[in-house]
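Please read it beside the sequence and the model.

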Amino acid sequence: MNQFLTQKELPESERPYEKCERSGPEALSDAELLAVIIRSGTRNERAVDLAVRVLNRPGAKKGLSALHYYSQQELQKLKGIGKVKAIQLCCVAELAKRMQLSDCDRKDFFHSPQSIADAYMGRLRHCRTEEIILLMLDTKGRKIGDTVISRGTVNMAVLEPREVLSIALRYEAVFIVVLHNHPSGIPTPSDADISVTRRLAEACEIVGIMLRDHIIIGDNCYLSMMEKGFLQ
């Protein structure tokens with residue numbers, strides 16, 4: 001006898017939609033929230049059970065943060081996840097990242113290494129390869145703009161001071177901050193990180209722009225070159 005209960009056969013108290021309607025989304029578990037997005041399971045598996053498998057991603061990253069580490073192709077390899085569901089889940093992860101960025105993207109927000117790291121943590125901490133971002137500030141330390149200098153590299157040494165200064169001068173920046181992530185999750189600077197930071201600081205001084213900081217983003221942690229004394 002098949003003991004499997006479909007989503008409709010579950011008691012209402014255990015159905016994610018009904019539970020959300022009755023008690024609000026905060027009452028749902030991570031798997032139940034994801035099940036609402038997934039909507040349907042397979043012949044032998046409920047949407048909630050499928051969501052549990054998604055959250056238990058093989059490797060170190062599990063739970064909701066695991067969504068940031070799946071590619072669409074990897075999601076489609078999971079039984080019960082087709083192209084449409086894979087795209088939906090990738091969009092959920094991207095939406096979460098952009099929501100965090102929108103909360104931090106205020107012109108008066110960038111007043112300390114902590115505030116800058118907080119603003120870019122969601123964007124960089126889950127990247128599988130290094131991404132280098134240039135943040136440009138005005139005379140009062142307010143954000144003028146930011147741009148990706150390099151993406152998909154494995155080494156900070158690819159950063160060219162000429163390229164950085166060309167962009168900063170075009171934006172008429174007075175201060176700049178360089179940020180990049182370490183896919184390992186550990187923000188300890190390499191010798192190359194320190195060397196290229198000092199070269200960039202010297203180049204900035206020549207043209208009258210100040211390199212305020214170089215911040216390395218790890219997994220929910222950061223390191224400020226300025227705070228650690230690598231920048232005067």
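The largest nonpolar core has 23 residues, of which L134, L159, I176, V178, L200, C204 and L211 touch the most other members. A nonpolar core is a set of buried Ala, Val, Leu, Ile, Met, Phe, Trp, Tyr and Cys residues joined through side-chain atoms within 4.5 Å; buried means under 20% relative accessible area (1.4 Å probe, protein chains only). Two or more residues each come from β1 (130–137), α7 (161–170), β3 (175–181), α8 (191–207) and β4 (210–217), and α8 gives the largest share, five residues. Helices (H or I, at least four residues) and strands (E, at least two) are DSSP runs, numbered from the N terminus.

The model is predicted: local features need pLDDT of at least 70 and side-chain atom pairs pLDDT 80 or more, while totals for chains, interfaces and linings use all residues. Residues are numbered from 1 along each chain as its sequence is written, and side-chain values use heavy atoms, without hydrogens and water.

Seven of the seven residues of β3 are buried. F175, V177, L179 and N181 point one way from β3, and I176, V178 and H180 point the other way. In a regular strand the side chains alternate between the two faces of the sheet.

Strands pair if DSSP finds at least two bridges between them.

| Partner of β3 | Sense | Bridges |
|---|---|---|
| β1 | antiparallel | six bridges |
| β4 | parallel | seven bridges |

L134 stands opposite V178 in β3, and N181 has I217 in β4 as its bridge partner.

Terms used: Buried means under 20% relative accessible area, exposed over 50%, partly exposed in between (1.4 Å probe, protein chains only).
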